[in-house]
Each structure stands twice: as C-alpha cells, then as structure tokens.
Amino acid sequence: MTQFTLSAFADEASPEFDRQIAALHRKHIPLMEIRGVDGKGILDLTDEELDVVEKKLAAGNISISAIGSPIGKIDIAGDLDEHIEKLKNTINVANILGAKYIRMFSFFVPVGHEDEYETQVFAGMERMVETARGTGVKLVHENEKAIFGDSTDRCVRLMERFAPELGFAFDPSNFVQCEQDTKAGFLR
C-alpha cells in the first residue's frame, strides 16, 4: 500500500499565521508548505520575524515540508545572478525551518516562443540546481502558466534533463489554465 504525507499551503486558509496553524490543526495536517506569513512572503521576513515563526511552529507542533518560493518566477532575460542570491537566501530559510524542499519555477518566457528559449532556460535551471546541490534542500519544479514548464511536453523535457536531482510538483489547476490534459498528466 502506498503511503503519503499530507501537507498544505496554509496561507490559503488565512493570511494570519496563527489562523494558518489553527486551520492545519482542525484538518489534522501536521505539515505546512510555508509561503505567506501575516501578509508577508516567507522570504521577506526579518530574522526576528522568522524566529517568531519558528517558535509558533514548535508550539503548534507543525513542521515545514517545503518553502513555497517565487524562485524561477523571473523573465528569462532577467538578472540571474541576483536571482541566485535570492535562491541562496531561500535555501537558508529552508534550513532554518527544517524544510527539505523548495518549490520553484522555470522562468517566464514569451508565450508562443517557449521552445526557442529551451537552451537558455536549461542553463538557468542548471545554475539553480547547482546552487542547491549539497545544501540538504531539494528544488521542486511546479508547472505554472506562462513559464517554460507550463505544458506537459516541456515538463517532461525538464524531467528528462534534471530528474532525479530536481523534483517535480504537479498542480492540475495550473495545467487547466494552460489547456493541458490533466487526466493524461505525465503518463505516456
């Protein structure tokens, strides 16, 4: 029998962190994919605010499974060096909170011209995977509208190139927005 662990983006229940923890308790969910805390992105918290988050998580007996990050949500022509610094900070936050995964994306590319940017996307993805290598944190690509990985075909290409070092999160509602067949998914 297959077993899995249930985790949730609790900021979808409330922007208030205390209410997020309460929502997880009501649903008996022990893990959070942390993204927003009291109206701020997790990566925008000060050290003091992050310390408060740690204490509230411990008091609530909630662990962090993943950081819901904006990593990879930049234009393919954007400043990748600056973005790598943001990734390093995200890895630091993940390590502080005990998260083993960081959700991330594969760059905004011009719609209708995605395949023309594959080489550039793969080079950027390689830099991000290389940055995470050896940190104890695994990057997990999420399919999303208007990024390179917004189609089944391009997600499969990302998998073929980067798995198993890069993980993959399948968001069926994001594929619906991109008119992808969510029933077929990656089963080929």
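**Overall fold and nonpolar core**

The chain holds six helices and eight strands. This is a predicted model, and reading from the N terminus its elements go β-α-β-β-β-α-β-α-β-α-β-α-β-α. The radius of gyration comes out at 17 Å, close to the 16 Å that the globule rule gives for 188 residues, so the chain is as compact as a globular protein of that length. In terms of extent, the C-alpha trace spans about 50 × 40 × 30 Å along its principal axes.

Now for the inside. Some 47% of the 188 residues count as buried, and the largest nonpolar core takes in 45 residues. Met 32, Ile 34, Ile 42, Ile 67, Leu 97, Met 125 and Met 128 are the ones with the most contacts inside this core. Elements that each supply at least two core residues include helices H1 (17-26), H2 (47-60), H4 (118-132) and H5 (152-162), along with strands E2 (31-34), E5 (63-68) and E6 (101-104). Helix H3 (80-97) is on that list too, and H3 gives the most, with seven residues.

Ile 67 makes a handy example. Setting aside neighbours within four places in sequence, Ile 67 is in contact with Ile 34, Ile 42, Leu 43, Thr 90, Val 93, Ala 94, Leu 97, Ala 99, Tyr 101, Ile 102 and Arg 103. Across the chain, 71% of the contacts with a separation of 6 or more are between residues 24 or more positions apart.

Notes
Residues are numbered from 1 along each chain as its sequence is written. This is a predicted model: local features need pLDDT of at least 70, side-chain atom pairs count only at pLDDT 80 or more; totals for chains, interfaces and linings use all residues. Side-chain values use heavy atoms; hydrogens and water are left out. A nonpolar core is a set of buried Ala, Val, Leu, Ile, Met, Phe, Trp, Tyr and Cys residues joined through side-chain atoms within 4.5 Å. Buried means under 20% relative accessible area, exposed over 50%, partly exposed in between (1.4 Å probe, protein chains only). Helices (H or I, at least four residues) and strands (E, at least two) are DSSP runs, numbered from the N terminus. Contact means heavy atoms within 4.5 Å. The radius of gyration is taken over C-alpha atoms; the globule rule is 2.2 Å times the number of residues to the power 0.38.
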